[in-house]
Amino acid sequence: MKTWLIVPLGLLAILVLTLFAFQLPVGESLKLLFEGAFADKYGVHRTILKSVPLILIALGIVVAWRAGVFNIGGEGQLLVGVSAGAAVAHIFAGQGWFFQVFILVVCMLAAGAYAGIAAWLYAARGVNVVISTILLNFVAIYLVNYLVRGPLQEPTKAIPQTATLAPAAMFPVLDRQTGLHAGIFVVPIAALLVWLWIQKSPSGFRLRLVGQNPNAARAARIPVTRVSVMALVWSGALCGLAGGIEYLGVSGYLFDKFSPGWGFLGIPVALLGGLNPFGVVLSGLYFGALFAGSRNLEAFGSASSSLVFAMQGAAVLGFVALSEYVRARSIRGAA
């Protein structure tokens, strides 16, 4: 069997086995999942919208993890970024493309700076990045709780959220029936730029070398700590971009539970994508389709929406096994 066929067929097999394990009718469930994700423009657009934040956060995870820095703080970085963007929108009631770009830049800068806290703790004090980024997630969550009930709360003070952006301040809507917005075009551009940076630039080569063999990088006089710090900062910036796209394209306001866990879900998306930017796009679409299709499965089938998390976990575990199989197959072929 061709190697490129192994992963999609393996994911399909894992999905079938998961449905079977939960005692769901496999054929009917697969049909409902497909219809909810791809059968019409509503499903396709819903899949795309669900995929956008996952892909952007996964790209951030790729940047950090390829440098050997295990960023687990995408959730907190996204929330801090979108909080900064909402604060700027609260102060400057702008509109148009310049305002939208300004908000996105603010989101990226704030999220990158927040990731920079963990980077500084690692570089200056030797604090484990995994621990610091996990703990900073909780700080960001409670920061949002405070902001939407305090300085950024909407004028009537009746609902814990910020004021809604004016339509002219949000991304142009491509389809009013589905809510598809122009911000989706940021995803392919971001994926291409991250790929070009990691694979084709000198700084990307240094990043990969630090992640693969820090001792060799030191022998080549590459500043390992500096490369790791910058990778973590850029990782946070991409997570902030994800929050900004969702803020300007979908919600239009900041509220409790703004993120349903995108920062954490971005990790399996990155792993399933093989830590490759283009693989992440495909992986994000797969996860987005699971989210979109699960709504249909929940509404017309006998499954709970929580089943999607079981399918995601099974997909990642299965991908690890498939990766090992493909790697062993490649080694045998080379021999």
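Me: What does the secondary structure of the chain come to?

Reply: This is a predicted model. Its chain has 13 helices and two strands. Buried residues account for 51% of the 335 residues. Of the contacts with a separation of 6 or more, 73% join residues 24 or more positions apart.

Me: How are two packed helices described?

Reply: In general, one gives the angle between the axes of the two helices and the distance between those axes. Here, helix α11 (residues 262–272) packs on helix α12 (residues 277–300) at an angle of about 130°, and their axes lie 8 Å apart. That angle makes α11 oblique to α12. The crossing of these two helices is right-handed.

Me: Which residues make the contact of α11 with α12?

Reply: From α11 come L265, P268, V269, A270 and L272, and from α12 come V280, S283, G284, Y286, F287 and F291. By class, this contact holds nine nonpolar, two polar and no charged residues.

Me: At what angle do helix α5 and helix α6 pack?

Reply: Helix α5 (residues 96–125) and helix α6 (residues 129–147) pack at about 145°, with 9 Å between their axes. The crossing of α5 and α6 is right-handed. On α5 the contact is made by Y114, I117, A118, L121 and Y122, and on α6 by V129, S132, T133, L136, V139 and A140. Sorted by class, these residues are nine nonpolar, two polar and no charged.

Me: Is T133 buried or exposed?

Reply: T133, which lies in helix α6, has a relative accessibility of 1% and therefore counts as buried. Setting aside residues up to four places away in sequence, T133 touches F70, N71, I72, G73, Q77 and A118.

Me: With which residues is I103 in contact, leaving aside its neighbours within four places in sequence?

Reply: I103 is in contact with G85, V88, A89, Y247 and L248.

Key
Residues are numbered from 1 along each chain as its sequence is written. This is a predicted model: local features need pLDDT of at least 70, side-chain atom pairs count only at pLDDT 80 or more; totals for chains, interfaces and linings use all residues. Side-chain values use heavy atoms; hydrogens and water are left out. Axes are lines fitted to C-alpha atoms, for helices over the stretch in contact, and angles run from 0 to 180 degrees between N-to-C directions. Helices (H or I, at least four residues) and strands (E, at least two) are DSSP runs, numbered from the N terminus. Angles under 35 degrees count as roughly parallel, over 145 as roughly antiparallel, 65 to 115 as roughly perpendicular and the rest as oblique. A crossing is left-handed if the near helix is turned anticlockwise from the far one by less than a right angle, and right-handed if clockwise. Contact means heavy atoms within 4.5 Å. Ala, Val, Leu, Ile, Met, Phe, Trp, Tyr, Cys and Pro count as nonpolar, Asp, Glu, Lys and Arg as charged, and the others, Gly among them, as polar. Buried means under 20% relative accessible area, exposed over 50%, partly exposed in between (1.4 Å probe, protein chains only).
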